[in-house]
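Please find below a colleague's note on the model. It is meant to be read with the structure open.

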Amino acid sequence: MISYVSAEGRLPLVNLQSASLCAAGGCAQAEEDDPALFRGSGVCKWFNVRMGFGFLSMSSRDGAPLQTPQDVFVHQSKLHMEGFRSLREGEAVEFTFKKSSKGLESIWVTGPNGAPCLGNERRPKSAQKRRSKGDKCYNCGGPGHHAKECQLPPQPKKCHFCQSISHMVASCPVKAQQQQQQQQQQQHMTYILSSTPVHVEASTKSFYL
C-alpha cells in the first residue's frame with residue numbers, strides 16, 4: 001500500500017492502490033474482499049423492473065443454512081449481467097452483502113457459481129405507450145405526437161379551444177359562451193330544488209319532490 005501526502009500537508013492520505021483499482025474497474029472486486037462483507041445465497045423475492053430495485057430472500061449465509069430467510073435489498077446496478085439489468089421472481093442468486101443503517105444491502109449479485117444473472121423478460125413501458133390518449137400537438141392540433149415531433153413547419157398560433165387563429169384561448173368567445181350557459185343551467189337547477197317542497201311519508205319513510 002502506498003500513501004501520499006502533499007508538501008503542504010493539507011491533503012489527507014490517499015490510498016493509491018485503491019485508486020488504481022477503481023480506475024481499472026476493480027472497485028467491485030475490492031469491495032468483495034472487504035472483511036466487513038458477508039456472502040449469501042438464495043432467490044429473488046421480488047424485483048420492480050421499472051424502478052430498478054427489489055429484495056432477495058437469503059436462505060444461506062456464509063455457507064450455513066438459515067432457519068428463517070432474511071430479506072436483502074438489491075439495486076439493478078449491483079447485478080452481474082449485460083444489457084438491461086433485472087431479476088425475475090424466484091431466480092437463484094449468490095451475492096455479497098453488508099449491514100447498513102437501513103438493513104442488509106447487496107454489493108454484488110450473480111447467478112449460481114458466479115454466472116451472470118438471467119434477468120426478467122419484462123421491460124418498462126416506453127414514454128410513447130405511457131402517453132394519454134388525449135395528448136395533442138400544439139403546433140398542428142393532431143393527436144399521437146407532441147409539437148417537438150411534428151413534421152409540419154411552425155403553424156400560426158391559434159386558440160386551443162376552438163382552433164381559431166383570430167384569438168387565443170384566454171379571449172375565446174365560444175368558451176366564454178359555453179361557460180355562461182353552464183352557469184345559467186346550474187343556477188336554474190338550484191332555484192328548482194330550493195323552491196320545490198319536500199313531502200315525507202311517515203309509513204314508508206321515503207321522500208318525494
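1. The structure is predicted. The distances and accessibilities quoted here are computed from that model and should be read as such.

2. Nonpolar core. The largest nonpolar core has 15 residues. The members that touch the most other members are L56, V72, V74, L79, L87, F95 and V109. Five strands each supply at least two residues of this core: β3 (38–48), β4 (53–61), β5 (64–75), β6 (92–100) and β7 (103–110). Which strand gives the largest share? That is β6, with three residues. As general background, nonpolar side chains in soluble globular proteins tend to be buried together.

3. Surroundings of V72. V72 is one of the core residues that touch the most other members. Apart from neighbours within four places in sequence, V72 is in contact with G54, F55, L56, M58, F95, F97, L104, E105 and S106.

4. Aromatic pairs. Searching the whole structure gives six aromatic pairs. In one of them, F95 and F97 are tilted, with 5.9 Å centre to centre and 55 degrees between the planes. Elsewhere, ring pairs join W46, F53, F55 and F73 into a cluster.

5. Charge over a ring. R61 is placed over the face of F38, at 4.6 Å from the ring centre.

6. Cysteines. How many disulfides does the model contain? The count is zero. For C44, the closest cysteine sulfur is that of C117, and a bond is ruled out because the separation is 9.3 Å. C172 is in no disulfide either; the nearest cysteine sulfur, that of C159, is 3.7 Å away, and the cut-off is 2.5 Å. C44 has a relative accessible area of 2%, so C44 is buried. C172 also counts as buried, at 4% relative accessibility.

7. Two salt bridges are found in the whole structure. In one, the side chains of D71 and K45 meet at 3.1 Å, N to O. D71 is in strand β5 and K45 in strand β3, 26 residues apart, so the pair links distant parts of the chain. D71 counts as partly exposed, at 37% relative accessibility, and K45 is likewise partly exposed, at 38%.

8. Salt bridge between loops. E121 forms a salt bridge with R88, and the closest N and O atoms are 2.8 Å apart. This pair also links distant parts of the chain: E121 lies in the loop between β7 and α3 (127–130), R88 lies in the loop between β5 and β6, and 33 residues separate them.

9. Loop residue E82. E82 is found in the loop between β5 and β6, the loop that also holds R88. E82 is exposed, with a relative accessible area of 76%. The C-alpha atoms of E82 and P116 are separated by 8.0 Å, although the two residues are 34 residues apart along the chain.

Methods
Residues are numbered from 1 along each chain as its sequence is written. This is a predicted model: local features need pLDDT of at least 70, side-chain atom pairs count only at pLDDT 80 or more; totals for chains, interfaces and linings use all residues. Side-chain values use heavy atoms; hydrogens and water are left out. Rings of Phe, Tyr and Trp (its six-membered ring) pair if their centres lie within 6.5 Å; planes under 30 degrees apart count as stacked, over 60 as edge-to-face and the rest as tilted. A charge sits over a ring if NZ of Lys or CZ of Arg is within 6 Å of the ring centre and within 35 degrees of the ring normal. Buried means under 20% relative accessible area, exposed over 50%, partly exposed in between (1.4 Å probe, protein chains only). A nonpolar core is a set of buried Ala, Val, Leu, Ile, Met, Phe, Trp, Tyr and Cys residues joined through side-chain atoms within 4.5 Å. Helices (H or I, at least four residues) and strands (E, at least two) are DSSP runs, numbered from the N terminus. Contact means heavy atoms within 4.5 Å. A salt bridge is a side-chain nitrogen of Lys or Arg within 4 Å of a carboxyl oxygen of Asp or Glu.
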